[in-house]
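Hi everyone, thanks for making time this morning. I'd like to walk you through a few annotated positions, so please have a look at the screen.

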Amino acid sequence: MQITIIGTGYVGLVTGTCFAETGNNVVCVDINEEKVKQLRAGKSPIYEPGLDTLLERNIKEQRIRFTTSITEGVEHGQIIFLALPTPPGKDGSADLQFVLDVASQLSTIITDYKVIVNKSTVPVGTAEKVANVLALNLDRSLFDVVSNPEFLREGVAVEDFLKPDRVVIGTNSERARKLMDELYQPFVRQGNPIFYMDERSSEMTKYAGNAYLAMRISFMNEMANLCEKVGANVDMVRVGIGSDSRIGKRFLFPGVGYGGSCFPKDVKALAQTATEYDYDFQIVRTVMKVNDRQKTILGKKICEYYGSDLSGKTFALWGLAFKPETDDIREAPALELIDELLKAGATVSAFDPEAMDNVRRIYGEKVHFAESMYAALEGASGLVIVTEWSEFRNPDFDRISDALVHPAIFDGRNVYSLEKMEELGFYYESMGRKTVH
Ligand code: NAD
């Protein structure tokens with residue numbers, strides 16, 4: 001099939017590459033010339049496991065190409081995906097400017113029937129809005145607008161896209177449904193479902209999913225905070241409840257708050273939709289409040305231990321990305337912690353396997369970026385773990401205690417066992433468990 005993707009970011013690039021991988025002919029459009037240049041040279045501008053190999057193969061087989069020309073893209077594709085940013089506007093609602101601008105451009109280029117697919121996360125009613133913009137210049141028989149939210153997780157995006165738990169397609173058009181079905185069949189061969197529904201339900205499904213997951217995280221974070229106070233171990237509680245099949249084991253890990261490009265903005269946007277419809281969505285508002293507080297907890301623990309004036313002290317930070325296996329730092333809890341540490345006068349020596357360039361762009365010289373996880377520890381008064389990259393799980397603890405001025409670890413992800421920390425003699429604070437000293 002002839003497929004066009006407009007917006008070649010995390011979602012667009014993975015979508016385009018995976019469609020090419022199943023034999024389709026894909027054109028990816030982006031306004032960022034630098035990105036397009038890099039992609040044409042076969043280099044992925046983002047870090048996503050497995051993506052490089054697929055990209056290389058499909059470029060070689062000429063099943064995917066990249067352009068800055070929207071006209072070229074539109075002429076090519078029968079199905080046109082919009083994988084454009086939908087950042088939070090001033091009031092927290094999703095800003096549809098990128099999506100509606102492109103829809104307006106499409107309306108002047110399209111000459112034969114196209115399916116326009118909203119892949120971006122967009123509020124209820126957006127499919128209608130896009131259709132109305134298109135209809136300003138086009139006969140309605142020349143297009144259908146479909147909602148097809150994306151559920152991939154950064155870090156396992158390729159795997160998620162190739163083998164999705166489910167595909168959600170919102171459309172009332174039989175013609176569009178047939179085309180979408182043909183396109184997605186190769187991805188559901190193992191028997192996972194494609195759910196067809198109306199556009200509004202499909203748009204809401206994406207927000208409901210993300211808000212529910214964010215709520216689970218906030219719930220466990222509050223549970224962890226309470227466990228610390230009552231002397232319970234949240235990891236025991238986690239496995240205790242997770243084995244109940246109604247609850248399930250996944251997504252129950254306490255930490256330093258959710259971040260990333262999706263949860264924070266989607267939860268905000270859902271709250272804003274509720275406000276627009278005069279509904280007080282109390283749980284969602286609380287989830288946001290709890291998360292804001294949770295992001296400050298590591299900083300608080302550090303200041304309680306060392307005092308609020310941290311001048312003259314260096315802290316080693318392991319992990320900057322909002323989660324492992326990605327270089328994405330959007331709304332990452334590490335950034336908030338860096339701000340707090342710098343404000344308290346500390347020096348920050350950071351290490352992350354993938355995200356350091358992105359953080360350097362924000363902080364420049366204000367943060368020291370170490371060459372290795374061990375180099376970050378040199379002369380530090382404590383180690384702070386913010387992201388649970390695999391390589392932090394079994395480190396050489398002798399090297400850690402030799403390098404640190406003071407053997408203290410503040411672990412925002414419960415990476416180490418309390419027994420191990422006790423045995424090694426570290427001062428160790430984690431989330432929802434007793435302090436080891
Ligand atoms: P992104 O910022 O990584 O990518 C967006 C791309 O669109 C950029 O490359 C940008 O240059 C390009 N762009 C902007 N304006 C353009 C225009 N007029 N024409 C062509 N290209 C243009 O964003 P993303 O993370 O891929 O997210 C895209 C959408 O998908 C958002 O709505 C997001 O909420 C949703 N989503 C993201 C994820 C995720 O994990 N990142 C998962 C599911 C859904």
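Let's start with Thr86: is it buried or exposed in this predicted model? Thr86 is buried, because 23 other C-beta atoms lie within 10 Å and the cut-off for that label is 20 or more. You'll find Thr86 in the loop that links strand S4 (79-82) to helix H5 (97-109). Setting aside residues up to four places away in sequence, Thr86 touches Ala94, Asp95, Leu96, Phe98, Val99, Ser120, Thr121 and Val122.

Thr86 belongs to a UniProt "binding site" annotation, from an unreviewed entry, along with Asp30, Lys35, Thr121, Glu154, Lys265 and Arg330. These residues span 301 residues in sequence, and the farthest two C-alpha atoms are 24.1 Å apart, so they do not all gather at one spot.

Another of them is Glu154, and where does Glu154 sit? Glu154 is in the loop between strand S6 (143-147) and helix H7 (157-162). Glu154 counts as buried too, with 24 C-beta neighbours inside 10 Å. Beyond its neighbours within four places in sequence, Glu154 is in contact with Tyr10, Glu48, Gly260, Thr326 and Asp328.

Now for the "active site": which residue does UniProt list? The unreviewed entry gives Cys262. Cys262 lies in the loop between helix H10 (234-242) and helix H11 (263-276), and it is buried, with 26 other C-beta atoms within 10 Å. Leaving out residues up to four places away in sequence, Cys262 touches Thr121 and Asn210.

Conventions
Residues are numbered from 1 along each chain as its sequence is written. This is a predicted model: local features need pLDDT of at least 70, side-chain atom pairs count only at pLDDT 80 or more; totals for chains, interfaces and linings use all residues. UniProt positions are given in the numbering used here, feature names are shortened, and annotations may be inferred rather than shown by experiment. Helices (H or I, at least four residues) and strands (E, at least two) are DSSP runs, numbered from the N terminus. A residue is buried if 20 or more other C-beta atoms lie within 10 Å of its own, exposed if 12 or fewer, and partly exposed in between; C-beta atoms are placed from the backbone. Two residues are in contact if their C-beta atoms, placed from the backbone, lie within 7 Å.
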